[in-house]
Amino acid sequence: MEGNQENDIKLTEFDYMMISPQLQMLKAAIPYVPPAMQRMMAMFIKFSEMQHVQAMFGQGELSAMGVSSGQRPSGPLELIQAIKPYAGPREREMIENLETIQMMIQTMQPPSH
């Protein structure tokens, strides 16, 4: 299935950590199984993904989604910049406006000592 740029979804680091080649193959097979089985197969895949997430958090592999403590984003501008690549055109425009506002706020604040 091909999509245009507007419909393409960029994966996050979290998504890549959760991708299993076996589940990706099952996802690709969904359109080829009888319609009566598609729903059950899709639910099985999502349930398996949830189990994988739970196991990863349980093992401590996902604490802070790959961001070690001390390297966490420090403020709203960093958060805005982190989510911007995943936004669609409409959301991107809103995010860019928020970025501008946040930068203006930061420049108006007195320097901290």
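Because the model is predicted, local features are considered at pLDDT of at least 70 and side-chain atom pairs at pLDDT 80 or more, whereas totals for chains, interfaces and linings use all residues. Residues are numbered from 1 along each chain as its sequence is written, and side-chain values use heavy atoms, with hydrogens and water left out.

The chain contains 5 helices and 0 strands, where helices (H or I, at least four residues) and strands (E, at least two) are DSSP runs numbered from the N terminus. Read along the sequence, the elements follow the pattern α-α-α-α-α. Of the 113 residues of the chain, 18% count as buried; here buried means under 20% relative accessible area, exposed means over 50%, and partly exposed lies in between, for a 1.4 Å probe and protein chains only. Among contacts (heavy atoms within 4.5 Å) between residues at least 6 apart in sequence, 45% join residues at least 24 apart.

Two packed helices are described by the angle between their axes and the distance between the axes. The axes are lines fitted to C-alpha atoms, for helices over the stretch in contact, and the angles run from 0 to 180 degrees between N-to-C directions. Helix H2 (residues 21-29) and helix H3 (residues 35-58) have axes that come within 10 Å and cross at roughly 160 degrees. That angle makes H2 roughly antiparallel to H3, since angles under 35 degrees count as roughly parallel, over 145 as roughly antiparallel, 65 to 115 as roughly perpendicular and the rest as oblique. The crossing of H2 past H3 is left-handed, a term used if the near helix is turned anticlockwise from the far one by less than a right angle, with right-handed used if clockwise. On the H2 side, Leu23, Leu26, Lys27 and Ala29 meet Met41, Phe44, Ile45, Lys46, Ser48 and Glu49 of H3. By class, this contact of H2 with H3 has 6 nonpolar, 1 polar and 3 charged residues, where Ala, Val, Leu, Ile, Met, Phe, Trp, Tyr, Cys and Pro count as nonpolar, Asp, Glu, Lys and Arg as charged, and the others, Gly among them, as polar.

Helix H3 can also be examined by its length. At 1.5 Å a residue, the 24 residues of H3 should span 34 Å, and the end C-alpha atoms are 35 Å apart, which agrees; the expected span is 1.5 Å times one less than the number of residues. Within H3, Met41, Ile45, Ser48, Glu49 and Met56 are buried, and what covers the buried residues of this helix includes helix H1 (13-18) and H2. By contrast, Met40, which is also placed in H3, is exposed with a relative accessible area of 60%. The C-alpha atoms of Met40 and Ile30, 10 residues apart along the chain, are separated by 9.8 Å. Val53, another residue in H3, counts as partly exposed at 22% relative accessibility; Val53 and Met17 are 36 residues apart in sequence and 9.1 Å apart in space, C-alpha to C-alpha. Just after H3, Gly60 takes a positive phi of about 80 degrees.

A further helix pair is formed by helix H4 (residues 76-83) and H5, which pack at an angle of about 160 degrees with their axes 10 Å apart. That makes H4 roughly antiparallel to H5, and H4 passes H5 in a left-handed crossing. The contact is made by Pro76, Leu77, Ile80, Gln81 and Ile83 of H4 together with Ile95, Leu98, Glu99, Gln102, Met103 and Gln106 of H5. These contact residues divide into 7 nonpolar, 3 polar and 1 charged.

Glu99, found in helix H5 (residues 89-108), is buried, with a relative accessible area of 9%. When its neighbours within four places in sequence are left aside, Glu99 is in contact with Leu77, Ile80, Gln81 and Lys84. Lys84 itself is found in the loop between H4 and H5 and is buried, with a relative accessible area of 18%. With its own neighbours within four places in sequence left aside, Lys84 is in contact with Arg92, Ile95, Glu96 and Glu99. Ala82, which lies in helix H4, is partly exposed, with a relative accessible area of 41%. Although Ala82 and Thr12 are 70 residues apart in sequence, they are 10.0 Å apart in space, C-alpha to C-alpha.
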